[in-house]
Amino acid sequence: MKKIIILVTVALLVFSSCEKDYLERTPTDSVSGQLIFSNTESAMVALNGIYRALYLPNSTWFGTLANTQQNFGIACHNMVADLMGEDFVQAEQGNGWFYFDYKYDVRSRYASTAWRVYGLWNFYYKIITNANYVLASRDVIEGDEAQVKYIVGQALALRAYSYYNLSLFFQKTYVGNESLPGVPLYTEPTLIGAPRGTLKDVYDLITADLTESTTLLKAAKDAGVTRTHKSHIDYSVAKAIQAKVFLTMENWTGAAEAAATARQGYTLLSGGDLYSGFNDIALSSVMWGGQVIATEAVSGGWGTLFCHMDIGSSPAVINANGYGVNSRKCIDAWLYNQIPATDKRKAWWNGVVASEESSGPNKSYAQLKYKYKNISDYTGDYIFLRAEEMLLIEAEAKARLTQYNAARTLLLELGVVRDPGMATRIASRSDASTFNTDSHGALNTILDEILFQRRVELWFEAGRLFDIKRLKIGFNRDYTGTNHSQLLKTKSTAAGSKEFTLPIPQQEFDGNENMDIETDQNPL
Amino acid sequence: MKKIKLLLTGLLLVLACGFAYAQNIQVTGTVTDGTTGEPVVYASVQLKGTSVGVATDLNGNYTISAPADGILIFSFIGYTTQEVAINQRSKLNVAIAPDAVALEDVLVIAYGTVKKESFTGSAEVLKSEKLEKRTVSNVTKAIEGLATGVLVTSGSGQPGEGSSIIIRGYGSINASTTPLYVVDGIPYNGNISAINPNDIESMTILKDASAGALYGARGANGVIMITTKRGAAQGEKIKVNFRSVVGVASRAIPSYDLLDERGWVEYQFQAFKNEEIITNGTNPSVAGAKAIQQMLTGPSKVFGLNEQYNPYNYKLSELIDPATGKIRSDASLRYSDNWMDEVTASNPVRQDYNLSVTGGSEKAKYMASIGYLNEEGILKTTNFKRYSGRANVDAQPNEWVKFGLSTNFAQTSSNFLSADGSSTSNVFYSCMLMAPIYPIYIIDDNGDPVLDATGEKQFDYGNNRASGAQQNYNSVATLYEDHFNIINTSVSARTYIDFLDFKTGPIRGLKISATMGADYRNQDQHDYENPYFGNAAGSAGRSYKYSTNMLSYTLAQLVTYKRTIADKHNLDVLVGHENYHYKYNYMMGAKSGFPFGGLYQLDAAATVITAGSYENNYTIESYLSRLNYNFDDKYYFSGSFRRDGSSRFARDIRWGDFWSVGGNWRLSEESFMKGFSWLNNANVRASFGVQGNDNVGGYYPWQALYDLGFPNAGMNGAVVASIENKDLKWEKNENLNIGLDARIFNRISLSAEWYKRETKDMLMDYPLAMSTGFTAYDKNIGSMKNTGFELTIAGDIVTNKDLRWTMSIMGSTVKNEVLNLADKPEITSGNYIIKEGEVLNSFYLPRSAGVDPATGYQLYWVWDTDSDGVRSEEYITSDKAKAAASRVIVGNRMPDLYGSISNDLKILNMFDLSILCTYSIGGKILDGLYSNLLDPIYQGNSLSSHLSRAWEAPGDITDIPIAQLGTNIQTSDRNLINASYFTIKNITLGYSLPKKWMKSIGVENIRISAVADNIAMFTYLNGMNPQYNFSGGTDYAYTPTRSISLGLDITF
């Protein structure tokens, strides 16, 4: 009996006494928001997360749920906007990535989580939400006041930049369309969907955010806070974003001032740097960009900018079988032919290649501007903004303000490092703030010249579609000698075409009680 | 007096085992099969109340020394145990009845067993004889057709892979719908493929709350209980069994019907020509010539450089008549390759060897087995190997303590194809979709392979192939050069100790038990991509190592009390406490840059690409109880209650209560039923209860978290990953089950059940406006209902000495209805919709209006919506965008009726034949694979042979639109295929060598069998797998396999 008692006691001891916290479990690879916003240093972790998202390829969280290889953040969206214009040619379908943007075959796919409109909408709203989480904590972040301003200023600029890009894709241009529906606006984290409001509401928020952002970042700068990495938004980048926004809003004075301020301290690209492949944020004119280090690169390069763009700049790239090798990105033949032989930029593209090959670099008009930095580890940086764009914004604004001499001076500044013939070239352009609405028309005025320089200098990086919408022009790919593989004969590419505005993804309507697909969708 | 005697017997058992009674007599006799009259060899003859026992010899004879007033117990596996009083007789011949029903008598249920006729819930037993017939390496693939109410996917053909299972319809929208697996009484976290199907004694599928509520938090989707074989019963001979099955595999589902070279080239030409006329406005008279030019030099470069991929012996310009589009009749092929055939192994071998020993004595029983399985896949380079061993021991050293241990060790190793979906490395995508004109190897002008310096054929890397045809890639080559391997090492143990289980005395019926079960799995995965070509060519090869280990354990303490009061009141009470801990560790590292081929390990590579690790923890604590009561074995009642706390939920809300009540009335035991002698048994059952589901997405679903996986150029970066919901709680399933069982004329068994399963507080990805930065967050909001009817009829059609034929027919229905969603009554997702009042995952598509006989365009039914949201009348158009905006619900995958028909025959007592067929009627499938063959995105893809009936000229009436380039057709209800099918799952023919031959060599039984598994499937569309998944989609997946095997089964 004694034995029995002992054994039963043992059995009851086995009765696993559960400690108090037995059911409290937390993950090992995530942290709470409270911890993130405890001080300025930890808050930078949240900002760095956003910056990474800006150039992160293949992300389902910041992109589409499938077809992820055509998502790599800001640069990919600029590429889409270029592909939807007339200056950028995707010569071959390849694996299909981006080709549907190029052939205007994404609008009917708005219900899919695998296609472009979902990816764009998701990306920018995710950035906005992350920025709003930072802003919601602006009063609790501990630390130096200037550092707090620096953090808040960046978050405001990121939010403004995101709303700006959403407006460019999902509505007609601002001027003249202020009362059209905008995009849902949020200034704090919430679970309740907002209505579309108007385009004016959107630009009111953008301009307010940028005003506050530039003020805070200026104050931080004056207090001695300097940025530690070019992926971060400092005063100059915030001013650059402001310049872009003012250009769209046709606030010429504002655009000129912001652009001029923005590019202070940057030197225009010149010499050999022009041909280094636009893959390094250390380049002198790069204002803002993402740096890809080897341990953060995508294995195989799949879905990255250079995988799509590099047409086979070296045998190793050809062997690595990037998409660009088989689906080559080219410049429009007409545009190429307008570039004078003296222009150093003409070497950013092949001319006419006598014996073309069906893949690799032997292809007429194929691009050489973008190349892998290092194919062996698939690295190559993403350039978001260059000083050259600021110069061209300032030049356009000056021309619009009829300050033609100032505009000419700026073009000459560019000419020094691009085209020795610039002076002669602009001598034949008349002083006028009008431009030729035929995008393949003759360059007559100084404004024509500036817009042309934009098309050449900013090929791939500024989104040609945005200019097409802003200038209220159309385009035509179907001309004699065209090298386009999709001529868009069955789609309207006339000024103001509904094709230029993307529909809002189905999923927005599914979850937004303040939006109804029957009445709030863009015209299909 | 009786009690005293029992006590005395017990005492004697403990103290003086082996002492003989004084007044013993010698009893002899023969034990025979009650049906066949044949002697039963090695049957057990045991003196009741003692450990004294003997076995019959090869003639069925026995001799035993026993008291003249004793009782003998005759038993043998597969026969009803019979007790016969000696009554002073010295000669006692006994016929024992074989009874298939006998094995069902005891049901394995949650925390114990019950007699089948007393069971108030719904459960289905799958016995080893049925499971063993299927040639499967993963037992989940053997379930199909053996139980009602269970839907099973075909599972991948990758050796070792299993099937997915849902029990009684979808239980949830966003949470898990997977049943809980329980092995030997304790929830199992290991790999199912680590369990050798040969070690399984039975599987019990618990379908309703009465059966499953005791698994509380995890039981909502049903429970699959796996019981492994135990040691032999007392007195039985030690048995050694050897089984081997060796066979070959092939595709179970054929390829889709595709256009051959001629058809493909002619269709392409037509598409290019139409493109010229329609899109480019070319004059039809010259469009043919221009199309040929486009095919040669256009952006899609169909025939490669200088027509290198023109498979014919004429130049394209001479090959095709630009007017008719036909290939000249005297053209012949230079070469003809089939990529899918190239990667398919011919007759891959599967070998399965198992050896087991069972035995036992009065105080201990044991079972031990070892197994070796080597299965080659039908995709070259893929295989699965398993080494497994099991030892199950039960011991009872004395009356008040009993303990047992079952352990399983398994190491599985598989080479597999890691790529899936539409990635080029997935050969089930890339080889199937490779247009028939492209050669695998580099060929010369005559179509002969160009050999390299060593005389080997060289892979063609196709720099010049058309888009979609693996440019600069060769998936056949990478299949050989890249390696993907997983090694799983699993150890599982289950132990129990029962105390105080006295059969007599004041505390008889009381039992205190402690159990512990642990599952440990270590998984090593190695992915290697070669340095020469393919995905990692640019970085000189890549190697990934993943090491994960999982440990889960369950500790339980149980007290049971079982008493019969006043002879008629039978009481069985259980209370207990349990806790569960799951711990998972993940670690990975990858490097690139190998100096040359043939090196696979990380140390040989130069550059670290990435490394990472994390850990997950998940815990549950539970209190449980059950009461079973019956009156006079006529009226049964059972009730259970369990309280679970889960670490997945916030502190204040993590405890959930789950319960069930059930009743069973044995109608046939009532006196007023005695007149119906043809009615052997009849009972009606009903149960109701609530089960829970905490598998709601991740281990920390309620917490607001920042994901640290976003470093920015070496600086730590994090983004908002989830929203806090402290109210997140259990998803609950309310289950109502009503059943009727009957056996009539001692021949036909019938079981019918109706159920209603309602999911409440359904956890959903509550849709948020995407613009809030989240598309959804976890919230308990919805409800859903599944109802169904299940019927099993099993009967002995012929029962005589030379032929026994039993047949079983099963049929199930399931009706699903989404009752309540969030504030918006519908959620669309791609081509699917979830909508209140409709079936979950209904297809939401535009409706086809056929092909316009005038233009050949695909037409759709559409409507317009004005600015006030008012819809116009429906009209017909070919406008894709309008079609995309005019979608309606057009069916779903759920079948109207599904089930199985099985036949088992025993002929001349030597041959056994069984045939299992399954069927499914109703439901639809959106076959994306077929859609892609009809309307491919890329020019370099293969095409469905149905395109040969494409519209050609005005007036043509057809269902296939005009040939055009690129995806021109909106997915619509024309892409839905009837999902009904009929399969012949298994035919097994066995031959047991006659017993008399066996005597001479001292072998008990030898059976030789031929097994054909997954033999045939009849569907509406050749190539389609209607069992790919539960939502009615298809994918480029490892195709299921058919196998034909020979088996040998020897028992000593």
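Me: Contact means heavy atoms within 4.5 Å. Which residues in H16(A) meet H18(A)?

Reply: Tyr404(A), Ala407(A), Arg408(A), Leu411(A), Leu414(A) and Arg418(A). On H18(A) their partners are Ile446(A), Glu449(A), Ile450(A), Gln453(A) and Glu457(A). By class, six residues of that contact are nonpolar, one is polar and four are charged. Ala, Val, Leu, Ile, Met, Phe, Trp, Tyr, Cys and Pro count as nonpolar, Asp, Glu, Lys and Arg as charged, and the others, Gly among them, as polar.

Me: What kind of model is this, and how is it numbered?

Reply: This is a predicted model, where local features need pLDDT of at least 70, side-chain atom pairs count only at pLDDT 80 or more, and totals for chains, interfaces and linings use all residues. Residues are numbered from 1 along each chain as its sequence is written, chains are lettered from A and ligands numbered from 1 in the order in which they are written, and side-chain values use heavy atoms, with hydrogens and water left out.

Me: And the H labels, what are they?

Reply: They are DSSP runs numbered from the N terminus: helices (H or I) have at least four residues, strands (E) at least two.

Me: At what angle do H16(A) and H18(A) cross?

Reply: Roughly 35°, with the axes coming within 11 Å. Axes are lines fitted to C-alpha atoms, for helices over the stretch in contact, and angles run from 0 to 180 degrees between N-to-C directions. The crossing is left-handed, meaning the near helix is turned anticlockwise from the far one by less than a right angle.

Me: What about H8(A) and H9(A), how do they cross?

Reply: Helix H8 (residues 199–222) and helix H9 (residues 235–248) of chain A have axes that come within 9 Å and cross at roughly 155°. That makes H8(A) roughly antiparallel to H9(A), a term for angles over 145 degrees. The crossing is left-handed. Its contact has nine nonpolar, six polar and three charged residues.

Me: How does H10 sit against H9(A)?

Reply: The axes of H9(A) and helix H10 (residues 252–262) of chain A come within 8 Å and cross at roughly 155°. H9(A) is therefore roughly antiparallel to H10(A). This crossing is left-handed. By class, the contact has ten nonpolar, four polar and two charged residues.

Me: Switching to the chains. How much area do A and B bury?

Reply: About 8,300 Å² between them, 55% of it on carbon and sulfur atoms. Buried area is the accessible area (1.4 Å probe) that two parts lose on being put together, summed over both. The contact takes 97 residues from chain A and 95 from chain B.

Me: How many salt bridges cross that interface?

Reply: Five, by the rule used here: a side-chain nitrogen of Lys or Arg within 4 Å of a carboxyl oxygen of Asp or Glu. Asp21(A) forms a salt bridge with Arg651(B), their closest N and O atoms being 3.7 Å apart.

Me: And how many over all chains?

Reply: The count comes to 87. Among them, Glu86(A) and Arg464(A) pair at 3.0 Å, N to O.

Me: Where in the chain are Glu86(A) and Arg464(A)?

Reply: In distant parts, 378 residues apart. Glu86(A) is in the loop between helix H4 (74–83) and strand E2 (88–90), and Arg464(A) is in helix H19 (residues 464–470), both of chain A.

Methods: Parallel < 35°, antiparallel > 145°, perpendicular 65-115°, else oblique.
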